[in-house]
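The following note sets out a few points for a colleague who is meeting this structure for the first time. Please read it alongside the sequence and the model.

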Amino acid sequence: MSKKIGVYICRCGCNISDYVDVEKVRASAEKEADVVLAKTMVFACADSSQKEIINDIQNGVINSFVIASCSPKLHLPTFQAVAERAGLNKYEYVHANIREQASWAHSDDKEGATAKAVQLVRAAIAKVRFATAIEPIEIQTQQAVLVIGAGVAGMKAATSLAKMGVKVYLIEKEHFIGGRVAQWDVLCLTEETGKDLVTRFYNDVVMDKDITLFTGAELIESSGSKGNFKVKIKITPRYIKDFCEKEKMRRAIEVCPVEVIDDFNFSITKRKAIYHNFPSQYPLVAVIDMKNCTRCGKCEKECDKIDFSQKEKIIEIDVGSILVATGFDPYTPRKGEFGYEEYDNVITLPQFKRLVAINDKELKWNGRQVKTIAYIYCVGSRQLEGENKYCSRYCCSTTICAAIKAGEKFHDLSHFHFTRGIRTYGKQEMFFYEASKQGQVFLQSFEDEPPRVMRKNDRTIVCINDILTNRREIEVDADLVVLVTGMVPRSHGRISEILKLPRGRDRFFNEIHMKLRPVETVIDGVTIAGACQGPQNVVEAINSALSAAIKSYSFVSRDTLQVEPIVAEIDAGLCTWCGACAKACPFDAVTQINLEGKEIASVNMTVCKGCGMCLPVCPVNAIQLKTFSDDEVEKMIGVLAQEL
Amino acid sequence: MSSPDLKFGKKLVKYGAVDFNACYNCGTCTAVCALSNEEESFPREMVRFSVLGLSEDVKGSLKPWLCYYCGECSTHCPQLAQPGELMMSLRRYLISCYDWTGLSGLLYRNLSAYIAAFLFIAIGIFGLFFSGIWNQAEWMHYGHLFEIMAIASVFTVILLPNIIRMWYATVWKQTKKLHIKTYFLSLPELFIHMFTQKRTLSCNDEMSNKIWWFEHFIVVIGYMGLLFTTVVLDWFAATNILIIVLGYFLSAVVFIVSFHFIFNRMRKKTEKSSFSHPSDWFFVIWLLLMGLSACAVRLLIDLGLLSAYFWLYLLHLTILVQWALVIVPFGKWTHFLYRSFAMYFDKIVKDTANTAVRTV
């Protein structure tokens, strides 16, 4: 069938036609071979224009077409839909961008802009001559989702997915659920404690028969692509059988002679080698930390459920999508940063929050009563020098909240906040108001003049040139100095490597677009939620979890998934397998296969993104990218390079 | 190097300060204040000093006196931190700082002390009367004598030393220089502000402000005139018709205007009248009672009924003594002196600084 090409040139109101002589472009396009029709339009995207194009196609005037208008980012899908509605294949249409690339870029040179537009349109015509109908790739989907991380975001995402009728595998690296929120006694904006919240979420998870929860479980391998991932999970046993009596468990913990630093309390306390973080934390069975256990056997005498014969397991599951909610780590200050690890009464915000939670009647640190507390803000965040340029967003609010709640629990505390400007955004502003009104003092400095922590006569002094008091040097004799540490990405183990998740400049996982595609990653089928993608508070983490759940659901909601067919193709005849393409592929889409006795490369069409990285590295030119074949691109370059 | 003192803010609350801790230092108050300028910027700075408890800075500052409480700052404060009322409270605090006896502070902080002092005086006078040591004529005579004595002694023993203390804290400690010429040349400031309070008119252009200024102006003149008429011209014993009529007129001015002030404080329609410390109530109520009772006593004299209603004279005397021994030396009355001296001292501080710059 011979090509009958239609060319539609958009004026974009006057966005294009003010600088590009569209008539000239039309006249030049008309002269091209195979072009049977060339029109200008005021707005090609307008309903009436779309109908006109459809009519031209349905009346058999044209069987492929070029739109010369704005960026394809804006309207490619619009005109692809036009093609499909008219009964054409969407790949039988080619787009030329003469707004961003001609009229806007060269508004100072109308002739040049017109000449460039002419060339761009001719190049598009050269490409459309090759256009053929291509069908999208179909994938059989697994109706299950893997959720990594059983913190608030992970648990909320899991229950949300299960409600939509999807099987969910929820894995947690630790032996107890709840993540960071389980460690918080006080939460802003709610009277519910962190413990209460994770317990509530856990109940929702275990009540749902479609969710399978694995604790002590880590992702160790993943293959496949959206709709159909095969993942391997390593499960570390608890070394204690289920249904253990509470009293026996308590005694077993009591007799354990090993004491190690308790990470749950951010190392301000010790725990045993057999432990639970707090008695009511789920799952209720304690766990034996085999790294520190000496196998002395004392606990076995107290509790018959202890079972050292349990073995590590590796399980394989198939899922259609993976939702990553691995959370954050609090920033650990350097030794000497604001006196950290130098003076014994300098601690971090998470430690302070645990300290307030575990103290009952009096607030004591190192056996001494605490009356005056100095909070130093933006430690490890908004760094002038250093990696963490970002604001951790939650710290201002959580510190002020913690200070208010500490004041309610222990009386006569004096709070001094050494800030760089308070950012209690949204409803959290009320806490700032409340704290100020109570007489908590807020001092402020610029980033180049941070507060100083020093020792004077065995007392810890925090000193600041307060910009709210004419840069006056104000010093506070503090019983406890709390470094308000921000969030850093969790040391995830190998998750980002295994899933090939890219990280942003802040080293958190990167979404595709902060506003438009906030929970999707460049790896199709993998979504992210919660603080693993950047500092978030509980509310924001849950919102993003619900959003990610919906996105993950979209990958598994139907039996099959369609994928863009613009992928690399291997010419089996030419390929001699050297592996260069596999190395160049950023998505691990190329694998080595044996085809009738010959080793060749094979592209996993569902993983390939059509980026074209493999094409130039092939020494025998055995790879072609669909719709961007050498012939097409060379012809386009040929046209563009032609002198007019 | 300064250390914050959170007790200071708690103390200020007793002087009438409300919610100033809510301040988040946006500076709106300072921006909207018509009297604040780049050289002397307030009230935010004073709010900040109060939050941090930098009491030495407050004591050495004249800024609280430069504010005439139009209330614009409180109206516009986004945090409802009532900067205007804080400035008012700082003035009360400063009055107690200047007072060497410490009684001002005691009375400001404790309503019960105020009431006890008033009761003590009332019981003293009526007790003395019922003991019968003096007859009515003697009471009238000694009453007049008391007025003269009280004015002289309160001024020399209490107020003069206090003004010197104020000078020491706000001028000497700040400048450490003594240019006699400057002191002399700045003198007009003292009297202009003492008798006109013209600075009030710069607060804003609103009619209510002008009316308020006018009322305050005539009550000051009326009060001074009444004082002169009763003490120097001996109104109660006067026979000259002019003096008698003048006395009626002035006492009427005093009680009518002070009645309006009380009415305003009860309505709480303006920022200035929305918060009233007990000392404010005592001041306006006693002013009213004084004018009213003086007027009534003279009326009884003119009607020849005084001996029949002598208790009314005793009531008037009680009010007078309470006024002269409590409100004048230790209460709100002193703002009359400190405000005008503050303007005077402020000019001295500025001129001294300017002279220093010139000599350098």
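Is Trp134(B) buried, partly exposed or exposed? The model is a predicted one, and the points below take up this question first.

1. Trp134(B) has a relative accessibility of 26%, so it counts as partly exposed. Trp139(B), by contrast, is buried, with a relative accessible area of 2%. The ring centres of Trp134(B) and Trp139(B) lie 5.0 Å apart with the planes at 80°, so this pair is edge-to-face.

2. Both tryptophans belong to one aromatic cluster, whose members include Phe129(B), Tyr142(B), Trp235(B) and Tyr313(B). Over all chains, the whole structure holds 40 aromatic pairs.

3. A further pair is formed by Tyr114(B) and Phe118(B), with ring centres 5.7 Å apart and planes at 85°; the arrangement is therefore edge-to-face. These residues stand four apart in helix α9 (residues 111-131) of chain B, which means a separation of about one helical turn. Tyr114(B) is buried at 1% relative accessibility, and Phe118(B) is buried at 6%.

4. Turning to the interface, 22 residues of chain A are in contact with 20 residues of chain B. The area buried between the two chains is about 1800 Å², and carbon and sulfur atoms give 56% of this area. Of the area that chain A buries against chain B, 29% comes from Tyr433(A), Leu468(A) and Arg472(A), more than from any other three residues.

5. Three salt bridges are found across the interface of chain A and chain B. One salt bridge joins the side chains of Asp466(A) and Arg48(B), at 2.7 Å from N to O. The side of chain A that touches chain B comprises ten nonpolar, five polar and seven charged residues.

Methods:
Residues are numbered from 1 along each chain as its sequence is written. Chains are lettered from A and ligands numbered from 1 in the order in which they are written. This is a predicted model: local features need pLDDT of at least 70, side-chain atom pairs count only at pLDDT 80 or more; totals for chains, interfaces and linings use all residues. Side-chain values use heavy atoms; hydrogens and water are left out. Contact means heavy atoms within 4.5 Å. Buried area is the accessible area (1.4 Å probe) that two parts lose on being put together, summed over both. A salt bridge is a side-chain nitrogen of Lys or Arg within 4 Å of a carboxyl oxygen of Asp or Glu. Ala, Val, Leu, Ile, Met, Phe, Trp, Tyr, Cys and Pro count as nonpolar, Asp, Glu, Lys and Arg as charged, and the others, Gly among them, as polar. Rings of Phe, Tyr and Trp (its six-membered ring) pair if their centres lie within 6.5 Å; planes under 30 degrees apart count as stacked, over 60 as edge-to-face and the rest as tilted. Helices (H or I, at least four residues) and strands (E, at least two) are DSSP runs, numbered from the N terminus. Buried means under 20% relative accessible area, exposed over 50%, partly exposed in between (1.4 Å probe, protein chains only).
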